[in-house]
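Hi there,

Here is the structure I promised to send over. Have a look at it first, and then read on for my notes.

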Amino acid sequence: MTKELPLNINIKEPQWDQNSFMGRARHFFMVTDPRNILLSNEALEGARKIIQNYRSGIVPPGLTENELWRAKYIYDSAFHPDTGEKMILIGRMSAQVPMNMMITGSMLTFYRTTPAVVFWR
């Protein structure tokens, strides 16, 4: 028999202690996880629904704490924190690593002419 998930989990705050380096690092790596780019729209909307329902006091039967935190980090990585709107793919937190790698690689590759330097900066 599984017990119901309590409503006192604070999903407005990160899961890990932000007073330690490891807690901050784990939070950052979860929000910027590039695997979240590959999630379908259904998975993103499912995470949004779980988070919105939990904030409203509705807990789906069988939802575990790990599933709640996973939904929270999917939600945080794909939806705007102020408006709640789904962001375009290249603007999501989960796209930070691949997009910045592309920009940095281009800046290092195309440095020989002034127009290229100006464009990539």
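Below is what turned up, grouped by region. Please keep in mind that this is a predicted model.

**Charged side chains around K86**

Let me start with K86, which sits in the loop between α3 and α4. With 30% relative accessibility, K86 counts as partly exposed. Its side chain meets that of E45 in a salt bridge, at 3.7 Å from N to O. That pair ties together distant parts of the chain, since E45 belongs to helix α2 and K86 to the loop between α3 and α4, 41 residues apart. E45 is partly exposed too, at a relative accessible area of 34%.

K86 also makes a polar contact of 3.0 Å with the side chain of N41. Leaving aside residues up to four places away in sequence, K86 touches N41, L44, E45, R48, A78, F79 and R92.

R48 is the other residue to look at here. It lies in helix α2, residues 41–55, and at 18% relative accessibility it counts as buried, because the cut-off for buried is under 20%. A polar contact of 3.2 Å joins the side chains of R48 and E45. Beyond residues up to four places away in sequence, R48 touches Y75, F79, G84 and K86. Put together, E45, R48 and K86 are linked in a network of salt bridges.

**Other salt bridges**

The whole count comes to 4 salt bridges. Why do D76 and K72 lie about one helical turn apart? They are 4 residues apart in helix α3, so about one helical turn separates them. K72 is buried, with a relative accessible area of 4%, whereas D76 counts as partly exposed at 23%. K72 also touches I11, E13 and I51, not counting residues up to four places away in sequence.

Another salt bridge joins the side chains of D33 and R35, at 2.7 Å from N to O. Are these two partners buried or exposed? D33 counts as buried, at 7% relative accessibility, while R35 counts as exposed, at 60%.

**Aromatic rings**

A search of the whole structure finds 4 aromatic pairs. In one of these, the rings of W16 and Y73 have centres 5.7 Å apart and planes at 20°, so the pair is stacked. This pair links distant parts of the chain: W16 is in the segment before α1 (21–31) and Y73 is in helix α3, 57 residues apart.

**A nonpolar patch on the surface**

Finally, F28, F29 and M93 form a nonpolar patch on the surface, with about 310 Å² of accessible area together. M93 is found in the loop between α3 (65–78) and α4 (96–109), and at 31% relative accessibility it counts as partly exposed. K86 is in the loop between α3 and α4 as well, and its C-alpha atom is separated by 20 Å from that of F29, 57 residues away along the chain.

Happy to talk any of this through.

Best wishes

Methods
Residues are numbered from 1 along each chain as its sequence is written. This is a predicted model: local features need pLDDT of at least 70, side-chain atom pairs count only at pLDDT 80 or more; totals for chains, interfaces and linings use all residues. Side-chain values use heavy atoms; hydrogens and water are left out. Patches are made of residues with over 30% relative accessible area and no salt bridge: like charges are joined within 9 Å, nonpolar side chains (Val, Leu, Ile, Met, Phe, Trp, Tyr) within 5 Å. Accessible areas come from the Shrake-Rupley method with a 1.4 Å probe; for residues, only the protein chains shown count as cover. Helices (H or I, at least four residues) and strands (E, at least two) are DSSP runs, numbered from the N terminus. Buried means under 20% relative accessible area, exposed over 50%, partly exposed in between (1.4 Å probe, protein chains only). A polar contact is a pair of N or O atoms within 3.5 Å; within protein, one must be able to donate a hydrogen and the other to accept it, and residues adjacent in sequence count only if both atoms are side-chain atoms. Contact means heavy atoms within 4.5 Å. Rings of Phe, Tyr and Trp (its six-membered ring) pair if their centres lie within 6.5 Å; planes under 30 degrees apart count as stacked, over 60 as edge-to-face and the rest as tilted.
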